[in-house]
Amino acid sequence: MAQINANYLKLPGGYLFPEIGRRTRAFLAQNPPMPLIRLGIGDVTLPLAPVVIEAMEKATAEMGKKETFRGYCEETNCAYEFLRFAIRDAYKAAGVDLEDDEIFVSDGAKSDCGNIGDIFSADNVVAVCDPVYPVYVDTNAMAGRAGEYDPQSGCWNKLVYMPCTADNGFSPALPDRPVDLIYLCFPNNPTGAVATKAQLKAWVDYANANDSVILYDSAYEAFITEPDIPHSIFEIEGAKTCAIEFRSFSKTAGFTGNRCAYTVVPKALERGGASLNALWSRRQSTKFNGVPYVIQRAAEAVFTPEGQAQTREAIAYYLNNAKLIREGLEKAGLTVYGGVNAPYIWCKTPDGMGSWDFFDKLLHEACVVTTPGAGFGPSGEGYIRLTAFGDAAATQEAVARIQSRL
């Protein structure tokens, strides 16, 4: 008889965002009094930049001619040279020197953040921030690294939780014991917090001293507005011997429906006498055939001068939405964080209300969808997350509705 992966049976309930969808659909079936405004799931709403569309149209036309048709991408790291070089050059312009074969193009940072565990032993001790992007926790639970789930505490007994609270500025302290894999996300999802160079240097030094590996999710780096905040872990001395970085075109360039991202695995990074770059290359070449040529050409266009200018306009639009939400909720008497260097606002629920209770209140009374903080881990209880990726007018309307219900 076929045996299943029993770790899947340990997962509590469903994934966070499908549960939000389920509750939202149930509410819509009740004929709500106002049109629904979604500030929950972080999906973009602006169209792709004109230069990206132009590149896609040109590449699509090439696919219609025998002499320019492309099949499997057989180049290094499942990535065409033109995109690897564009990414390499963008890092170099930001002061980080990489080799193009340290760059792996994929269909999403979410995929890579989960799949990276394939090259690590199930015996590794994993540390995660709390609150945390659920993918980091759930994929390690699926792989057997998380142990057993305790519904009372909301924690897995083998994971090391690093609380990120208002008291520590939503920046985790170094673990009080050695850990093997460390998930960090800055600008942070869900809190919107950032890390300074000094804070990241402490993590790099810890990882190198303990032979740990930092799995650094930098999907929102394009939203950093404050000077001296690092955009890449590789701006920190010593990071190439202890860190892997994930980046995405999803929020930076509106590629949530296009699916394109990239992961940097330095060749200097070795553990157990093995090159992690070589292991990841082996994994990807075995399990992945690459992002479509048309999409890689679209991603290349993001790095052109026109692409950079056009994507910055979209980012500014979303950051203005974040400012509207942040300032509007503050005027309503709520305590809020984030929204300055990130497209997310982390809002404390009023009067000690539970995260899901406040979610339901805003859904049913204001017809506004948010994300309950409890879905991001135990330290997320008592908060909700709001996303700035909506339409500007709808965002302003949502804030007004929330203000009127408090």
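**Cavities, Pockets and Strands of a Predicted Model**

Good morning. A cavity is a set of points on a 1 Å grid over the protein atoms alone where a 1.4 Å probe fits but cannot get out, and a lining residue has an atom within 4 Å of a point. The model is predicted, so local features need pLDDT of at least 70 and side-chain atom pairs pLDDT 80 or more, while totals for chains, interfaces and linings use all residues. Residues are numbered from 1 along each chain as its sequence is written, and side-chain values use heavy atoms, without hydrogens or water.

The second largest cavity holds about 30 Å³ of space, a volume being the space filled by probe spheres on grid points joined across faces, edges and corners. Its lining consists of 8 nonpolar residues, with no polar and no charged ones. Here nonpolar covers Ala, Val, Leu, Ile, Met, Phe, Trp, Tyr, Cys and Pro, charged covers Asp, Glu, Lys and Arg, and polar covers the others, including Gly.

How many cavities of 30 Å³ or more are there? The count is 2. The largest cavity contains about 40 Å³. Around the largest cavity stand Cys-129, Pro-131, Val-132, Tyr-133, Tyr-136, Tyr-183, Leu-184, Cys-185, Asn-188 and Asn-189. By class, this lining comprises 8 nonpolar and 2 polar residues, and no charged residue takes part. Strand 7 (residues 181–185) supplies the largest share of the lining of the largest cavity, namely 3 residues. Strands (E, at least two residues) and helices (H or I, at least four) are DSSP runs, numbered from the N terminus.

Let us turn to an open space. The second largest pocket has a volume of about 540 Å³; a pocket is an open set of points with protein on both sides within 12 Å along at least five of seven lines. Which elements give two or more residues to the lining of this pocket? They are helix 3 (81–93), strand 9 (243–248) and helix 10 (305–331). Helix 3 contributes the most, with 5 residues. In total, 23 residues line the second largest pocket, and those nearest its centre are Glu-221, Ala-222, Arg-247, Phe-303 and Gln-308. By class, 13 residues of this lining are nonpolar, 6 are polar and 4 are charged.

Buried means under 20% relative accessible area, exposed over 50%, and partly exposed in between (1.4 Å probe, protein chains only).

Strand 9 also has partners on which to comment. With strand 8 (residues 213–217), strand 9 pairs in the parallel sense over 4 bridges; two strands pair if DSSP finds at least two bridges between them. Ala-243 in strand 9 is the bridge partner of Ile-214. Strand 9 and strand 10 (residues 261–264) run antiparallel and are joined by 4 bridges, with Phe-246 opposite Thr-263 of strand 10.

A further sheet is open and has 4 strands in the order 13-14-17-16, with antiparallel pairing. Strand 13 (336–338) and strand 16 (371–372) are the edges; each has a single partner strand, so one side of each lacks a neighbour in the sheet. Strand 13 is joined by 3 bridges to strand 14 (residues 344–348), and these two run antiparallel. Within strand 14, Trp-346 is the bridge partner of Tyr-337.

Next come the cysteines. The structure holds 0 disulfides, a disulfide being a pair of cysteine sulfur atoms within 2.5 Å. Cys-73 is buried because its relative accessibility is 10%. For Cys-367, the closest cysteine sulfur is that of Cys-347, at 18 Å, again too far for a bond. Cys-367 is buried, with a relative accessible area of 0%.

I close with two single residues. Thr-24 lies in helix 1 (residues 16–28) and, at 2% relative accessibility, counts as buried. Beyond residues up to four places away in sequence, Thr-24 touches Leu-36, Arg-38, Phe-359, Leu-363 and Val-369; contact means heavy atoms within 4.5 Å. Ala-392 belongs to helix 12 (residues 392–404) and is partly exposed, at 23% relative accessibility. Leaving aside neighbours within four places in sequence, Ala-392 is in contact with Tyr-317, Asn-321 and Leu-324. Ala-392 and Leu-324 are 68 residues apart along the chain, yet 8.8 Å separates their C-alpha atoms. Thank you.
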